[in-house]
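Hi there,

Here is the structure I promised to pass on. Have a look at it first, and then read on for what turned up.

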Amino acid sequence: MKKGLFFIPVVIAGFLAFGWVIMQLWNWLIPDIFHWSKITYLQAMGLFVLSRILFGGFNFKRSEYRKPPFGKSKFKEKFMNMSDEEKQAFKEQWKERCGK
């Protein structure tokens, strides 16, 4: 219970600090490089949310995020239970798909 009460303010503080870092980096680099205007803190937070939606979603678990399907135990179990002929046919099918 105490971990949860400590964890929530830390996450909120990190989220707010990250918005400040985005604003500072933008205002330091972009106006000089591209001659665009500086942004406010709320605009920086909007950029952060937009970039998470467009490029990363809101899945912050790195262990499961972008993990190939071959690393999952369900796939390994299915592959290990195949006969040698089925394994060879599967490998050939993937070679055709990948062009190798």
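**What was found**

The protein chain has 4 helices and 0 strands, where helices (H or I, at least four residues) and strands (E, at least two) are DSSP runs numbered from the N terminus. From the N terminus on, the elements run α-α-α-α. Please keep in mind that this is a predicted model, in which local features need pLDDT of at least 70 and side-chain atom pairs count only at pLDDT 80 or more, while totals for chains, interfaces and linings use all residues. Residues are numbered from 1 along each chain as its sequence is written, and side-chain values use heavy atoms, with hydrogens and water left out.

Of the 100 residues in the chain, 16% count as buried. Buried means under 20% relative accessible area, exposed over 50%, and partly exposed in between (1.4 Å probe, protein chains only).

On the surface there is a nonpolar patch with about 1,100 Å² of accessible area together; among its residues are Phe 7, Val 11, Phe 15, Leu 47, Leu 50 and Leu 54. The areas come from the Shrake-Rupley method with a 1.4 Å probe, and for residues only the protein chains shown count as cover. Nonpolar side chains (Val, Leu, Ile, Met, Phe, Trp, Tyr) are joined within 5 Å, and like charges within 9 Å. Helix H1 (2-34) and helix H2 (41-56) are the elements that give two or more residues to the nonpolar patch. Leu 47, in helix H2, is partly exposed at 32% relative accessible area.

Between H1 and H2, the loop holds His 35. This residue has a positive phi of about 60° although it is not a glycine, and His 35 is exposed, with a relative accessible area of 68%.

Helix H4 (residues 84-98) has 15 residues and reaches 21 Å from its first C-alpha to its last, close to the 21 Å expected at 1.5 Å a residue (1.5 Å times one less than the number of residues). After H4 comes Gly 99, whose phi is positive, near 75°.

Best wishes

Note on methods
Patches are made of residues with over 30% relative accessible area and no salt bridge: like charges are joined within 9 Å, nonpolar side chains (Val, Leu, Ile, Met, Phe, Trp, Tyr) within 5 Å. A salt bridge is a side-chain nitrogen of Lys or Arg within 4 Å of a carboxyl oxygen of Asp or Glu.
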